[in-house]
Amino acid sequence: MKNATIFLAALAAAFLPAISAARAGQPAPQDSQAIRKVQDSQREAQQMSREIATEMISMRLRQLEDNGLTDIPIYEDLKAMHSRLDDVANKIIPEVMELLDKAAQAKPEDRPKLIAQMLGKKQKVLLALLAEQERLRMRRQQAELTARLTEIIGQQKKTRESTLKLTGADIQETLVVVDNQKTVAVLYGKFMGMLEQAAGWSGEAGAIAGETRRNLLKANLPGVMSSAVDQLNVSKFTDAAKIQADVLDALNKVLAFLRRLEEKLQQDATSLEAVRQLLKQQQQLKNKVAAGEMSGKESEIALIEQNSIKLKIQEVGNKVSADKSLVDLADRSAASAGQARQLMFDQSPDKAVEQQGRVIGYLAEMEKRLADKLADQKGNKSAKELDALAALMQQALLNLQQALKIEVAIAQELAGQAAKAAQDQKSVVGILADAASKKELPMVVTARVETAHQQAQSTVQSIEKNSPDRSQAVQETEKAIRKAIAELASALAETKRDSLATKLGELNRAAEALDRASATARQTANDLKPKPPQDKIDKAKEDLNNVNEVTDKISQALEKIADDAAKTVKEANQSGQEAGKNLPAKTDDAAKKSQEAAGKMDQAINQIHKEMEKTALELEKTSQTELTHVEDLKNKIEKTMQEKPNPSSKDLNELARLASETQAPIASALEQASDAAKALPPDNLKTEQTKDEAKDSVDKEMQRANVLTDMKKENLNEQLELAKEMLELARQQQKASEQIAETGKKLDSKMEQNPQGDEEANKLAEELQKAMEDYAQSTTELGQDVEEMTGRQEMANRPLRQALDAASKLGGRQLPQKQEPGNQPQDQANQDQANQDQANQDQANQDQANQDQANQNQQGQQQQNNQMGNTMTPQSAMQTAQMMAGERNAQMAQNAARQAQQQQQGQNQQGQNQNQNNQQQNQQRSRSDQSKDPQLTPGGQRAGDAGGGKDDKKGDTWFTSLPQATRDSMKSSGKQTPPPGYEERLEQYFGGSE
């Protein structure tokens with residue numbers, strides 16, 4: 001793997017000159033001499049690609065084959081890369097050179113059009129090279145992770161082997177093993193640092209790295225390794241070896257998990273080729289079915305072929321299972337293929353062709369996504385970072401729209417204001433150059449802007465030279481700018497939604513952390529009066545330090561996303577700091593300031609709740625606006641397809657312009673359909689074959705645009721429903737939070753009047769339990785919705801992560817977990833101990849020791865339950881709710897809930913007993929009836945009925961001896977519904993028989 005990594009790094013370096021040249025943004029050539037220079041550079045790029053593909057890669061492939069290493073991941077990776085580079089060298093670059101040859105020989109007025117086409121082809125080369133560069137980067141990063149983890153596993157394995165050999169006779173040997181175990185811990189710490197960086201990678205690589213890191217954090221291997229060191233230090237070598245075995249097991253599982261990344265990096269090329277073959281096969285079959293002239297044998301073959309297409313699509317779906325969007329497309333395509341086959345079987349060719357068109361649309365989009373699969377540069381950003389990116393994109397969009405406005409005016413100026421037109425065109429060049437320099441923009445957007453920039457530079461020369469083709473050049477520049485605007489607008493819409501959802505998730509977690517901090521500060525204030533003992537003062541000091549850390553980090557986390565709340569939290573932090581300074585001398589003043597800090601935090605929480613509702617409303621509005629636009633676009637596309645089987649390029653251009661406002665993929669499909677439609681008139685076609693090819697191309701792109709609008713509409717509907725749900729959850733959380741505070745105060749007051757409690761207190765406790773459950777549910781589900789909408793789990797807001805870590809240290813007064821049946825409470829153990837005879841004292845002491853250990857384990861479990869986690873979804877929202885309610889109130893609420901549950905169970909048991917009595921009575925009646933009718937069998941059937949007779953007892957015994965799951969399955973199998981149309985066919989058949 002190391003040699004392969006070095007080779008891939010060298011290969012990436014070989015690509016860089018070609019990439020740099022392609023992105024240099026030089027003016028497009030106009031005269032023959034300049035064109036010849038470009039031809040020379042393209043020949044060099046072609047030669048470089050060929051050398052890499054035929055010499056470097058082929059040589060490595062032969063080496064792997066000679067050594068029997070064709071089953072390792074790097075072999076398939078290199079094989080796929082060879083195929084892709086071969087396409088670049090032998091297909092795309094020759095097309096660029098052919099256009100350059102034509103431009104060199106063409107008349108000056110015809111050159112701009114050819115140059116524009118050449119730039120489009122050149123863009124494909126650029127994207128292909130960028131894609132290879134991204135694949136290589138991911139491969140090197142993944143290889144480095146695997147190498148480091150393998151090194152750690154090897155070191156841990158050697159350390160364990162040394163541990164097993166220890167006898168304790170040689171202290172020096174033990175010290176060496178201890179040192180080796182500590183070295184493993186250091187290496188592991190560095191590996192976790194690498195994983196944290198890797199979690200920010202793009203695409204699947206970053207997702208897997210992030211999930212790997214989360215799994216390792218849950219395993220807490222540093223603590224486990226520390227336990228191994230402790231066991232070694234006290235010469236418990238067998239225990240240490242067992243712990244080391246657990247570490248090895250965990251690390252090996254992670255290594256196996258990382259292998260998924262290697263598999264993922266191999267899938268794209270093979271899946272793309274499979275999709276292209278399926279697309280071609282489905283298009284040909286659709287044309288045959290549409291022609292409607294197949295014999296019986298040909299129809300059977302067509303059915304088999306359509307079913308084969310469906311199965312192959314499902315295979316592709318399995319290969320791309322890590323990419324949810326591609327899996328969704330594969331599932332939709334396979335479903336449409338299945339429906340097309342059924343309709344062909346039912347002899348409904350028109351409807352079958354319609355479904356086949358949808359298959360083509362889905363496959364075409366899969367082809368597009370697989371071919372253009374570059375870095376998703378969004379990464380894992382915080383709401384603040386996403387908001388800043390959206391602002392940058394918004395400004396860039398305004399600039400591009402201004403450039404488009406100028407470009408449209410230039411077309412009017414060409415007739416009588418050539419000098420002004422040239423000057424305005426230079427302004428457009430400047431705007432586009434500035435936009436292209438914004439490296440923060442998504443790569444695809446930057447590439448589009450660079451293409452428009454080159455085209456605008458070429459147009460300047462056409463206008464200055466007063467070329468006959470200057471009007472055409474302006475149109476090409478306008479078209480290129482529109483494409484860049486569409487790409488940017490689409491990315492901006494997604495970033496805005498992502499920013500709002502992420503903000504909602506961060507506010508949700510910030511409010512929860514403050515809820516804990518506020519509850520702790522309020523409890524601390526109560527503990528500090530009057531005249532608290534030293535242990536309570538020490539505890540208050542510790543809690544205040546953690547509370548102050550929470551408020552300090554929360555105030556930083558809320559800057560730019562909830563400024564008012566950030567200021568209020570900062571004031572709470574100041575009060576908390578003053579409370580800490582008053583300890584241990586001035587406990588009354590400390591209590592007062594701690595209470596003041598809690599009040600400020602409550603105020604900030606209310607401000608956060610208002611901001612959450614505002615954000616959710618904005619998210620809903622954003623999704624609804626985009627959905628309305630897509631629905632309008634969908635209606636126009638369907639109308640065009642129904643009314644105009646062969647739409648004109650002008651009609652498609654208008655649809656593309658409408659789509660370009662926010663939907664770049666749909667706009668791209670419509671533009672390609674428009675370009676294909678230009679070849680449809682007979683005078684533009686050389687052969688009947690080219691005419692059919694043009695029709696197929698228009699059909700393919702229109703179908704792709706159609707299914708894209710369907711999918712976008714579904715996606716936006718889901719987003720809208722999520723936004724509405726998040727709005728309701730935010731309101732529910734606020735209401736539950738207020739209810740906890742209000743009911744808690746009433747319960748406190750009631751218990752002060754009557755410490756023994758009464759019916760009214762129990763009712764309040766039940767209401768409090770309901771409010772806590774509502775709080776926990778709304779807080780958790782809101783986080784889950786944010787994860788679903790954004791597609792990310794871990795938060796990138798570092799101060800908020802630190803605040804959550806600090807808040808996890810709070811909650812020392814939390815309720816113990818509900819004990820399982822059989823676990824003896826401490827007070828009961830003490831009572832038993834008091835009642836035991838002196839002769840059993842030793843056994844009682846042992847029982848006490850066991851109980852102490854159980855309590856320690858329970859305390860450790862409680863600390864784990866208090867962990868808030870760093871994901872969008874809270875890990876312990878109910879614990880937070882209990883802290884908000886207060887220890888005594890939460891305990892009463894828990895008891896009330898338990899009593900209600902027991903009462904309900906009692907009622908259910910009573911109902912079950914009644915049902916059993918009724919069944920027994922029915923059975924007695926049945927036996928009585930059988931005694932009156934001797935023809936009835938014990939099963940209740942008459943002798944001679946189907947299924948009756950002597951053998952039935954044996955059959956019943958056999959059936960009832962089966963596992964319950966098997967019996968349920970056999971019962972349900974007899975209740976399956978027939979396939980669609982089955983009953984109608986039976987009716988037709990028997991009707992014909994009659």
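The legends below describe close-up views of a predicted model.

View 1. Most of α20 is covered, since eleven of its 14 residues are buried, and among them are I666, L670, E671 and S674.

**View 2. The largest nonpolar core, with 51 residues.** Within this core, the residues with the most contacts are L514, V550, I554, L558, M601, I608 and M726. At least two residues of the core come from each of α15, α16, α17, α18, α21, α22 and α23, and α15 supplies the largest share, eleven residues. Another core, of 34 residues, lies apart from this one and includes L404, I406, I463 and I485. In soluble globular proteins, nonpolar side chains tend to be buried together.

**View 3. The surroundings of V550.** When neighbours within four places in sequence are left aside, V550 is in contact with A513, A517, A803, A806, A807 and L810. V550 is also one of the residues with the most contacts inside the largest nonpolar core.

**View 4. N380, in the loop between α11 and α12.** The helices on either side of this loop are α11, residues 349-371, and α12, residues 383-413. N380 counts as partly exposed because its relative accessibility is 28%, which falls between the limits of 20% for buried and 50% for exposed. Although N380 and M795 are 415 residues apart along the chain, their C-alpha atoms are separated by 7.7 Å. Not counting residues up to four places away in sequence, N380 touches E385, R792, E794, M795 and A796.

Notes:
Residues numbered from 1 in each chain as written. Predicted model: local features only at pLDDT ≥ 70, side-chain atom pairs only at ≥ 80, totals over all residues. Heavy atoms only, no water. Buried < 20%, exposed > 50% of the residue type's maximum accessible area, 1.4 Å probe, protein only. Helix = DSSP H or I, 4+ residues; strand = E, 2+ residues; numbered from the N terminus. Core = buried A, V, L, I, M, F, W, Y, C linked by side-chain atoms within 4.5 Å. Contact = heavy atoms within 4.5 Å.
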